[in-house]
Amino acid sequence: MPRKRKKLNSGDVVLISFLGMKRKAEVLDFKYDDESNLYKVRMGDGTIVPRITWEGDLPKKNQKWWHIIELIK
């Protein structure tokens, strides 16, 4: 069961889905505006994923190939 969604801070570790694979990532930056909840994360291999949000937060037509599944720590 996924943990409760919350506003993330720099340094938080999250589980993301990136192109169909689940990976751990660290939140680098949270931004854009208070309503969008968009973040920038870095995966373990150094890949930076911009404009990522919680799974299900975007309307179906705007869904991306990457999203946050849960907060790890």
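A: A residue is called buried under 20% relative accessible area, exposed over 50%, and partly exposed in between, with a 1.4 Å probe and protein chains only. The model is predicted, so local features need pLDDT of at least 70 and side-chain atom pairs count only at pLDDT 80 or more, while totals for chains, interfaces and linings use all residues. Residues are numbered from 1 along each chain as its sequence is written, and side-chain values use heavy atoms, with hydrogens and water left out.

The protein chain has five strands and zero helices. Both kinds of element are DSSP runs numbered from the N terminus: a strand is at least two residues of E, a helix at least four of H or I. Of the 73 residues in the chain, 30% are buried.

The structure holds two salt bridges, a salt bridge being a side-chain nitrogen of Lys or Arg within 4 Å of a carboxyl oxygen of Asp or Glu. Side chains of opposite charge can pair when their charged atoms come close.

D45 counts as exposed because its relative accessible area is 53%. R23, at 26% relative accessibility, is partly exposed.

The other salt bridge is formed by the side chains of E26 and R42, with an N to O distance of 3.8 Å. Here too the pair links distant parts of the chain, with E26 in strand 2 and R42 in strand 3, 16 residues apart. E26 has 33% relative accessibility and is therefore partly exposed; R42 also counts as partly exposed, at 35%.

E26 leads on to D12, which touches K6, A25, E26, V27, L71 and K73 when residues up to four places away in sequence are not counted. Touching means a contact, that is, heavy atoms within 4.5 Å. D12 is placed in the segment before strand 1 (13-18). With a relative accessibility of 12%, D12 is buried. Its side chain reaches the backbone nitrogen of N9 at 2.8 Å.

Technical notes:
A polar contact is a pair of N or O atoms within 3.5 Å; within protein, one must be able to donate a hydrogen and the other to accept it, and residues adjacent in sequence count only if both atoms are side-chain atoms.
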